[in-house]
Amino acid sequence: MSLFLLVFVVCLVVFVAVLAVLMLSGTPRYRTEPQHLLDLFDRALDSTVGEDEWNAVILYPIRHDEYLDGVRRRARSLVEEHGRFGRVTRGKALLDSAGQEDLRALRDHLAARIRIREQPRRD
């Protein structure tokens, strides 16, 4: 009987410990920041980004910043208009030349917004 109680108590302690760890640990979250998009756009313009990485960032909605989500949606539409599936695996750029020009303009606009927001306010 004492062996049964010992096994039961040990199992109960392990179960409660695992449950406590699961309850107290937070869910990992990915938060897309403006610099992440700039880096992704730069690598897309240099033809060093893979389609999987591009899709992982561009297809994931940005809920904390409406402006960034608009930039993300615009980049997604650029790929739909000027890109084809499998271009990168064939050694080509993610976008055609017109799409790269539009992406460069979108990247420059985002970079200008970041510079404006990072400037100290003069009151």
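## A tour around helix α5

Begin by selecting Gln-100, which touches Ala-44, Leu-45, Ser-47, Ala-93 and Leu-95 once residues up to four places away in sequence are set aside (contact means heavy atoms within 4.5 Å). The model on screen is predicted, so local features need pLDDT of at least 70 and side-chain atom pairs count only at pLDDT 80 or more, while totals for chains, interfaces and linings use all residues. Residues are numbered from 1 along each chain as its sequence is written, and side-chain values use heavy atoms, with hydrogens and water left out.

Gln-100 lies in helix α5 (helices are DSSP runs of H or I with at least four residues, numbered from the N terminus). At 17% relative accessibility, Gln-100 counts as buried (under 20% relative accessible area, with exposed being over 50% and partly exposed in between, for a 1.4 Å probe and protein chains only).

Now select the whole of α5, whose 22 residues reach 31 Å from the first C-alpha to the last, close to the 32 Å expected at 1.5 Å a residue (the expected span is 1.5 Å times one less than the number of residues). Colour Gly-99, Gln-100, Leu-103, Leu-106, Arg-107, Leu-110, Ala-111 and Ile-114, which are buried in α5. They cover an arc of only 140° around the axis, which puts them on the same side of α5; the arc is that of the directions from the helix axis to the C-beta atoms. On the other side of α5, Ser-97, Glu-101, Arg-115 and Ile-116 are exposed. To see what covers the buried residues, show α2 (34-45), α3 (51-58) and α4, which are included in that cover.

Next, keep α4 (residues 66-82) with α5 (residues 97-118): the two helices pack at an angle of about 170°, with their axes 9 Å apart (axes are lines fitted to C-alpha atoms over the stretch in contact, and angles run from 0 to 180 degrees between N-to-C directions). That makes α4 roughly antiparallel to α5, a term for angles over 145 degrees. Residues to select on the α4 side include Tyr-67, Leu-68 and Val-71, and those that they and their α4 partners meet in α5 include Ala-98, Leu-103 and Arg-113.

Then move to His-82, which is found in helix α4 and counts as buried at 17% relative accessibility. Apart from neighbours within four places in sequence, His-82 is in contact with Leu-95, Asp-96, Ala-98, Gly-99 and Asp-102.

Finish at Glu-53 in helix α3, which is partly exposed, with a relative accessible area of 35%.

Definitions and conventions: Parallel < 35°, antiparallel > 145°, perpendicular 65-115°, else oblique.
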